[in-house]
Amino acid sequence: MEERTVTTARTAGFCFGVKRAVDKVYEQIEQGKTPIYTYGPIIHNEEVVGDLESKGVRVIHSEEELKQLKEGTIVLRSHGVSEHIYDLIRERGLKCVDATCPFVIKIHQIVKKAAENDDEIIIIGNEDHPEVRGIRGWCKKVTPMIVADLDEAEKIVISEGKKACLVSQTTFNYNYFKEIVEIIIKNCYNISVVNTICSATEERQTEARQIARQADTMIVIGGKTSSNTQKLYEICRKECKNCYYIQTVEDLYHSDLRNAKNVGITAGASTPNKIIEEVQKYVRREF
Ligand code: F3S
């Protein structure tokens, strides 16, 4: 029988920041530090959050809930939080494990400094995204302008004599960021533009495209509602017509993989390694 080649993307699954955050919660569990809370779900993956819950980790969803706590450890997720959340944790005597991604911390520092200089602050991103809400919370007394699209970019005006500082949500699309910045700089002369987009998403997409191009069968693993997995699937389907979008290995049980000779595997940012490995093992075995 002809050998089957299985290529798994190096960038499949958790990015560095998310992996670090999930690991930090498991470290706390191992150290027996209870009660443990995460400020928001540590990751958009029900299986991981469920596993953590079964080990006693609770998710808190709001400042109000945080204010009710009298003891325990709060793990801050990779998206980061406003500066005053750190104060609240400290005031309540709770222990803080900060799993904010270092790339997001860098943005907090940039806007904090800009606010201290009383500069205007522009954030390119989605105002409802927790990362953007967190960044906003480091701008002190300056109210940042949040820009999500070209129309909003046209409306940006910087007061005379003021300097502006522009940053971006880490997961924003780079090409769109460039278009938005071009519009804004036409109207603002004294502006410092810092590209704070993280390359993890783009690298995952580029690698998926390359693997799918060479594969006769492509498997994309991730939650059905995960927008970054949907995007990966779209990219892969364009390159490889035999493309499967699965959540766990069980979704493959009824697929006919007999003719698959060259299989590529990638996974969205919230897919745990364990699931990727199970799929890999199954595909290697199943003819
Ligand atoms: Fe992940 Fe941090 Fe980038 S959380 S997507 S490595 S900004």
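Buried means under 20% relative accessible area, exposed means over 50%, and partly exposed lies in between (1.4 Å probe, protein chains only). The structure is a predicted model, in which local features need pLDDT of at least 70, side-chain atom pairs count only at pLDDT 80 or more, and totals for chains, interfaces and linings use all residues. Residues are numbered from 1 along each chain as its sequence is written, and side-chain values use heavy atoms, with hydrogens and water left out.

View A. Helices (H or I, at least four residues) and strands (E, at least two) are DSSP runs, numbered from the N terminus. Along the principal axes, the C-alpha atoms fill a box of roughly 75 × 50 × 20 Å. The protein chain has 287 residues, and 49% of them count as buried. Contact here means heavy atoms within 4.5 Å. Among the contacts with a separation of 6 or more, 69% join residues 24 or more positions apart.

**View B. Cys15, Gly17, Ser78, Cys101, Phe103, Thr170 and Cys198 surround the ligand.** Four residues of the shell are nonpolar, three are polar and none is charged. In this classification Ala, Val, Leu, Ile, Met, Phe, Trp, Tyr, Cys and Pro are nonpolar, Asp, Glu, Lys and Arg are charged, and the others, Gly among them, are polar.

**View C. Thr170, one of the residues around the ligand, sits in the loop between strand 8 (164–168) and helix 8 (174–187).** Its relative accessibility is 8%, so Thr170 counts as buried. Thr170 and Ile197 are 27 residues apart along the chain, yet their C-alpha atoms are separated by 4.1 Å. Beyond residues up to four places away in sequence, Thr170 touches Val104, Ile107, Glu131, Thr196, Ile197 and Cys198. Of these, Cys198 also belongs to the ligand shell.

**View D. Helix 1 (residues 16–30) crosses helix 2 (residues 46–54) at roughly 15°.** Their axes come within 11 Å. Axes are lines fitted to C-alpha atoms, for helices over the stretch in contact, and angles run from 0 to 180 degrees between N-to-C directions. Helix 1 and helix 2 are therefore roughly parallel to each other. Angles under 35 degrees count as roughly parallel, over 145 as roughly antiparallel, 65 to 115 as roughly perpendicular and the rest as oblique. The crossing is left-handed. Left-handed means that the near helix is turned anticlockwise from the far one by less than a right angle, and right-handed means clockwise. Helix 1 contributes Val22, Val25, Tyr26 and Ile29, which meet Val48, Asp51 and Leu52 of helix 2. By class, this contact has six nonpolar residues, no polar ones and one charged residue.

**View E. Helix 9 (residues 200–214) packs on helix 10 (residues 227–239) at an angle of about 30°.** The two axes are 8 Å apart. Helix 9 is therefore roughly parallel to helix 10. Here the crossing is right-handed. From helix 9 come Arg204, Gln205, Ala208, Arg209, Ala212 and Arg213. Helix 10 supplies Asn228, Lys231, Leu232, Ile235, Cys236 and Glu239. The contact has five nonpolar, two polar and five charged residues.

**View F. Asp98 lies in strand 5 (residues 95–98).** Its relative accessibility is 25%, so Asp98 counts as partly exposed. Leaving out residues up to four places away in sequence, Asp98 touches Arg20, Lys24, Leu76, Tyr86 and Ile105. From Asp98 to Gly80 is 18 residues in sequence and 8.3 Å in space, C-alpha to C-alpha.

**View G. Ser82 occupies the loop between strand 4 (73–76) and helix 4 (83–91).** At 13% relative accessibility, Ser82 counts as buried. Its contacts beyond neighbours within four places in sequence are Arg133, Gly134, Gly137 and Trp138.

**View H. Asp118 has a positive phi, and Lys140 has one too.** Phi is about 65° at Asp118, which is not a glycine. Asp118 lies in the loop between helix 5 (102–116) and strand 6 (120–124). At 45% relative accessibility, Asp118 counts as partly exposed. For Lys140, also a residue other than glycine, phi is near 50°. Lys140 lies in the loop between helix 6 (130–136) and strand 7 (145–147). Its relative accessible area is 48%, so Lys140 is partly exposed.

Definitions and conventions
Near = heavy atom within 4 Å.
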